[in-house]
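I opened my notebook to record a few look-ups in this model, one topic at a time.

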Amino acid sequence: MSGGLRIKEVAEASGFTAATLRYYEQIGLLPEAARTPAGYRTYDQRTLPRLAFIARAKQLGCTLEEITGLTTAWDGGQCGPIQDQLRRLVAGKVADAQAQIVELMTFTSELQQAAVALERHRPDGACDSECGCVSDPAQEHGPAAGVHEVSLTAKPVAAGEPAIACTLPAGSMKGRLGDWQSLLAHVARRERIDGGVRCLFAASVPIAELIRLVAVEQDCCQFFHFAITIDTRGVALEVRAPEDARLIVESMFGAAA
């Protein structure tokens, strides 16, 4: 192919290694390269934007199998179908990431309970049923043992400010996040505001459920500042938090467009 790009040039321009380019060609992510009379691979200029698309999809957490499916839409030459597929994939990954956040928060809560149990009783001799080495503090001390403050950041909080922490029982975190996901499915648009995000809802939003969730969330996560507004723009929820908790706001309520 006259004027084609050698694999080294493509690697330098794209950031992918030559070995990765050969592998992508092998699994069908890249079309089969042309060959020079000497047997060297050559690629046309369309390879670079295709690799930029692959890099972006990888950045969004897509697997190689998912990207292979996306390249079919890419080959169609229309952005719309690509965006539609990416939007569906990203929505699924958001849900997965939020589930992982809940699992980590739950595990953090369990570790903090264990730490408390290990400080409660230190026998002189062998371990016993109350030393925390062999017992579950939530079972030993009843349901109230699972209700305590789970820190959501390692940074210290200034005096007089609410801790960036959650007091929701570990077993309830997944259900609470599910309630928020169901409610936030009614969001039509997100806007950045000072200190947080504003979620503008579609007319279908159940206002009573919005009020209920805000009330219970404020009770367990007092570092959040909520405001429900109703005006000519519609119903909206404004969520603010300290700078150290902005990622928590975005992971729960979404980032501004």
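I looked up Ile207 and found it in helix α8 (helices are DSSP runs of H or I with at least four residues, strands runs of E with at least two, numbered from the N terminus). The model is predicted, so I noted that local features need pLDDT of at least 70 and side-chain atom pairs 80 or more, while totals for chains, interfaces and linings use all residues. Residues are numbered from 1 along each chain as its sequence is written, and side-chain values use heavy atoms, without hydrogens and water.

My last look-up was salt bridges, each a side-chain nitrogen of Lys or Arg within 4 Å of a carboxyl oxygen of Asp or Glu. By this rule I noted a count of 15 salt bridges. One of them joins the side chains of Arg50 and Asp75, at 2.6 Å from N to O. Arg50 lies in helix α3 (residues 47–59) and Asp75 in helix α4 (residues 64–75), so this pair ties together parts 25 residues apart in sequence.
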